Amino acid sequence: MSATNEKPNEFLPGVLPPPTGRTLSSGGRIVALRTGLVVLAVFASTFLWRAPYGIGPYYSHQKFNADICPQVSELIPKSNGALWRTLGDTYETDAFKMRAVDWLAGAVRIPTESYDQMDPVGTDPRWEKFGVFHDYLLKAFPLVHASLEVTKVNTYGLIYVWKGTSSSLKPLLLAAHQDVVPVEETTIDQWQYPPFSGYFDGERVWGRGSQDDKSGLIGILSAMENMLENKFQPTRTVVLASGFDEETSGLHGAQMLAPVLLEMFGENGYAMLVDEGSGYGEQFGRVIATPGVSEKGYLDVMINVASPGGHSSLPPLHTSIGILADLLVNIEKNPFEVHLERGSSTYKIAQCLVHTPDLPASLRRDIIHAEHNELALRRAEHELFKNPMFKNLVGTTQAIDLIHGGVKVNALPEQAWAVVNHRISTQSSVGATKRRDTELLISLASQFNLSYTAFGARITDTDAPAFGTLTLSEAYTHGLEPAPVSPTGDDAVPYQLLSGTIRAAYNSHRGLSNDDSLIISPGIMSGNTDTRYYWKLTEHIFRYGHTDGARGGSIISGVHTVNEAIKISNFVEMIRFFTTLILNVDESELP
């Protein structure tokens with residue numbers, strides 16, 4: 001993400017240790033705040049902050065915060081409680097830790113890279129490594145493969161069905177993908193350990209996919225294998241869907257899995273869905289978990305300018321490249337208007353900050369009063385938007401990522417084009433984004449005497465003479481609307497159950513037993529997961545991986561870049577989370 005020249009807000013937090021009773025100077029605060037403005041972008045695209053200093057006593061606000069971002073207690077399995085405790089004791093042993101290392105490291109050693117624009121399965125030999133990966137899963141998790149029904153879709157897509165004793169209950173759907181982003185050959189010598197070694201250094205498992213997303217897939221299968229070893233038979237069916245090209249938009253994997261999953265249990269036939277996503281981390285002096293309840297939309301816009309060619313010794317006043325340059329400058333000078341809207345998921349993220357002890361007092365007051373006071377809402381918006389990452393999360397973004405023009409230095413370019421990538425606000429739409437882009441370029445199309453067509457519609461007069469043409473179109477694929485927002489209210493049982501499960505897994509892994517250990521806040525994914533294909537399966541879709549994603553301000557280790565790794569203690573905690581989730585959903589009152 002590009003840097004910004006905006007002056008940081010000295011009252012916004014940086015990413016530094018919590019206060020120690022010493023007050024930072026104004027200059028020190030500014031340095032700290034500059035340091036911290038961008039660190040949270042990788043925290044699964046959910047954006048919250050922590051302050052380097054506190055303003056005002058936290059306890060004095062607690063009674064006002066009770067109705068804002070209400071929290072639930074930890075949810076510990078009851079009828080399945082004995083099994084949960086037994087498995088919890090097992091997960092704490094060194095023997096199990098080494099077993100978890102073996103499971104994950106073995107998966108990492110198989111380089112299941114997916115690439116853009118791969119040919120279909122059966123024609124592109126690069127898919128064949130997924131067959132090797134399936135052989136590994138069969139060997140590593142024998143009880144899962146002996147006890148669950150396994151369906152393969154498009155050869156390498158996997159659906160595991162763990163049948164429950166009650167067919168009247170809607171299944172729990174879990175999802176995780178098998179593929180990983182490719183490792184650039186030029187970066188291999190930058191890795192501390194080889195990228196597909198699965199090396200365990202006594203603390204971390206290293207390698208591509210150790211975080212994204214083999215930890216999720218192997219974590220789910222590990223939980224299932226251990227539960228089967230302890231003779232667990234679910235009442236509610238559990239389904240695991242695993243695509244194999246999520247990193248390249250899921251066209252061959254999840255897109256093919258979706259209709260099969262729909263046929264199995266019908267539209268809205270699943271109780272809830274949990275796929276990969278964000279985790280938890282310390283912000284403003286409190287640990288905050290942020291399950292993603294929606295995803296931003298997506299649109300690539302191709303801007304194509306065509307004009308007469310000829311010899312460059314006899315140029316017109318503006319070539320197609322020059323015209324395109326003006327168009328692109330105009331786009332960057334006019335970013336989308338952004339506002340924090342009551343009831344939106346990003347507004348709820350801001351509300352949850354009032355539960356943190358180190359939130360600046362003035363911002364806390366404005367967030368509390370924003371629900372019924374427009375001026376307070378705009379003041380809060382003003383302060384929050386001084387962090388460009390949060391502003392980008394709230395609104396529709398634009399990034400000019402590709403450009404091309406000309407074929408020879410002495411030939412006038414007959415065509416020049418660029419692609420603008422949009423991540424569409426959950427409060428907007430593909431149609432609104434197209435309309436804005438179209439309207440923004442009308443005056444320049446007239447200035448350069450261009451015949452203008454946008455997304456199949458003629459904008460200028462058909463019969464008017466023109467120097468050249470300007471065409472806007474969708475590049476590569478059709479736009480994706482923002483995902484439906486999963487319910488998070490007091491009556492949203494799946495979200496409440498997930499929240500209680502997150503707290504129980506977090507607490508039990510640390511030997512805690514209180515409800516103040518962390519805050520659960522709705523989150524937003526700025527990128528897209530395989531859930532884009534699963535909207536018809538349930539309205540309760542969550543993107544959450546229970547990873548220690550940004551504790552103390554650290555960035556998730558090496559995701560999509562060099563030195564990807566995961567602490568084995570964190571991976572074991574993920575197994576504990578999936579175990580707790582399956583047991584809690586199994587005995588819940590969900591339909």
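Reply: Buried here means under 20% relative accessible area, exposed over 50%, and partly exposed in between, with a 1.4 Å probe and protein chains only. This is a predicted model, in which local features need pLDDT of at least 70 and side-chain atom pairs count only at pLDDT 80 or more, while totals for chains, interfaces and linings use all residues. Residues are numbered from 1 along each chain as its sequence is written, and side-chain values use heavy atoms, with hydrogens and water left out.

A salt bridge is taken as a side-chain nitrogen of Lys or Arg within 4 Å of a carboxyl oxygen of Asp or Glu, and by this rule the count comes to 16. One of them joins R576 to E92, with 4.0 Å between the closest N and O atoms. Because R576 lies in helix α17 (residues 568-586) and E92 in the loop between α3 (81-91) and α4 (94-108), the pair ties together parts 484 residues apart in sequence; helices are DSSP runs of H or I with at least four residues, numbered from the N terminus. R576 is buried, at 5% relative accessible area, whereas E92 is exposed, at 53%.

Another salt bridge links D366 with R379, the closest N and O atoms being 2.8 Å apart. D366 belongs to helix α11 (residues 361-369) and R379 to helix α12 (residues 374-384), so this pair ties together parts 13 residues apart in sequence. D366 is buried, with a relative accessible area of 10%, and R379 is partly exposed, with 39%.

The side chains of E383 and K386 also meet in a salt bridge, at 3.6 Å from N to O, and K386 is partly exposed, at 22%. Finally, R342, E374, R378 and E381 are linked in a network of salt bridges.

Definitions and conventions. Helices (H or I, at least four residues) and strands (E, at least two) are DSSP runs, numbered from the N terminus.
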